[in-house]
Amino acid sequence: METSSENENSILYANNLKGFILAVTSSAFIGSSFIIKKKGLKRAGVSGARASVGGYGYLLEPLWWIGMITMIVGEIANFVAYMFAPAVLVTPLGALSIIVSAVLAHFLLQEKLQKMGLLGCVLCIVGSTIIVLHAPDEHPLNSVDEIWDLAIQPAFLLYTVAAIATVLVLMLHCAPRYGQTNIMIYIGICSVIGSLTVMSVKAIGIAIKLTVEGISQVAYFQTWIFAMIAVTCIITQLNYLNKALDTFNTALVSPIYYAMFTSLTIFASAIMFKDYAGQSASNIASELCGFITVLSGTAVLHSTREPDPPPITGTCLHAYKWSTLA
């Protein structure tokens, strides 16, 4: 009995380790992709209209495509990480991509990383370490049927209904009236939908993992329902995230979105997968402290970012020419 328990614990530890390594790898690729794509955009902007003013010259720039491929690799690694580790471990580690991006920007884009920015990086690393050390083990699931049972339990159904109702109110009532002036509208939609995205993506990931192991989940209708939910949520999430980034300063959008998205994802995962069942109060408290530390580091890091200079186009370009002639 003790031997089987030890074997189960070792398997859970190995899965958490795989998820951790994949999540860190994902952050490295995604963080790098931001810098590579930005260099590609700058290079494309030299010979044509910039993307910010509707130009598409970057599609012919090889460096931009290298950045896109790097991001896709990172997203795939993140997707696979959810197959092995709980969302409460994988999702907060996304903050590491911010560190990678900030450090590479310092050396490759000459965007100086201030001393407070270094403090933000350290806080993110410390918080992530605390989260990893106290992350709960994921309960093994043997079929999509089991995941479906978790998804239709009353507590998670209540969360889903509340999430959908909140999103509909924000989309239909608040967005047309306050979307351009209140940063929380678009980010709220992205974050709430994002928590459902992660739950459905995790379900698909587990289904793929079981199928690869020889227990096919393709015939289960629940697999395809989770897939449809994931696609719908991802499209909606990206649409409103683009609106938020296009309307508000990235230095504000990124930390607020990270905080809301990660908090709601952890909350949704705790309800659906019962991540904290059997956890001691000290472990849960440590997890929360680690998460708060990461949030603090993210906020500090973004607060020290220098805003991008506005593009010189149209009237601005005309004014610039006259100023140089004066």
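Is Ile 229 buried, partly exposed or exposed? Ile 229 counts as partly exposed, at 36% relative accessibility. Buried means under 20% relative accessible area, exposed means over 50%, and partly exposed lies in between (1.4 Å probe, protein chains only).

This is a predicted model: local features need pLDDT of at least 70, side-chain atom pairs count only at pLDDT 80 or more, and totals for chains, interfaces and linings use all residues. Residues are numbered from 1 along each chain as its sequence is written, and side-chain values use heavy atoms, with hydrogens and water left out.

**Overall fold**
- The protein has 12 helices and 0 strands.
- Helices (H or I, at least four residues) and strands (E, at least two) are DSSP runs, numbered from the N terminus.
- Along the sequence the pattern reads α-α-α-α-α-α-α-α-α-α-α-α.
- The protein has 326 residues, and 42% of them count as buried.

**Second largest pocket**
- This pocket has a volume of about 390 Å³.
- A pocket is found on a 1 Å grid over the protein atoms alone, as an open set of points with protein on both sides within 12 Å along at least five of seven lines.
- A cavity, by contrast, is a set of points where a 1.4 Å probe fits but cannot get out.
- Lining residues have an atom within 4 Å of a point.
- Grid points are joined across faces, edges and corners, and the volume is the space filled by probe spheres set on the points.
- The lining holds 20 residues, and Thr 160, Ile 164, Leu 196, Ile 229 and Cys 233 lie nearest the pocket centre.
- Helices α6 (144-151), α7 (154-178), α8 (183-212) and α9 (221-247) each give the lining at least two residues.
- The largest share, 7 residues, comes from α7.
- By type, the lining has 16 nonpolar residues, 4 polar and no charged.
- Ala, Val, Leu, Ile, Met, Phe, Trp, Tyr, Cys and Pro count as nonpolar, Asp, Glu, Lys and Arg as charged, and the others, Gly among them, as polar.

**Contacts across the sequence**
- Ile 229 sits in helix α9.
- Ile 204 belongs to helix α8 and is buried, at 17% relative accessibility.
- Ile 204 and Met 83 are 121 residues apart in sequence, yet 8.4 Å apart in space, C-alpha to C-alpha.

**Salt bridge**
- A salt bridge is a side-chain nitrogen of Lys or Arg within 4 Å of a carboxyl oxygen of Asp or Glu.
- The count by this rule is 1.
- The side chains of Arg 43 and Glu 61 form a salt bridge at 3.5 Å, N to O.
- Arg 43 lies in helix α1 and Glu 61 in the loop between α1 and α2 (62-84), so the pair ties together parts 18 residues apart in sequence.
- Arg 43 is partly exposed, with a relative accessible area of 48%, whereas Glu 61 is buried at 12%.

**Surface and backbone**
- Tyr 13, Leu 17 and Ile 21 form a nonpolar surface patch, with about 320 Å² of accessible area together.
- Patch residues have over 30% relative accessible area and no salt bridge; like charges are joined within 9 Å, and nonpolar side chains (Val, Leu, Ile, Met, Phe, Trp, Tyr) within 5 Å.
- Accessible areas come from the Shrake-Rupley method with a 1.4 Å probe; for residues, only the protein chains shown count as cover.
- Leu 17 is in helix α1 (residues 2-47) and is partly exposed, at 38%.
- Lys 274 has a positive phi of about 50 degrees although it is not a glycine.
- Lys 274 lies in the loop between α10 (250-272) and α11 (281-303).
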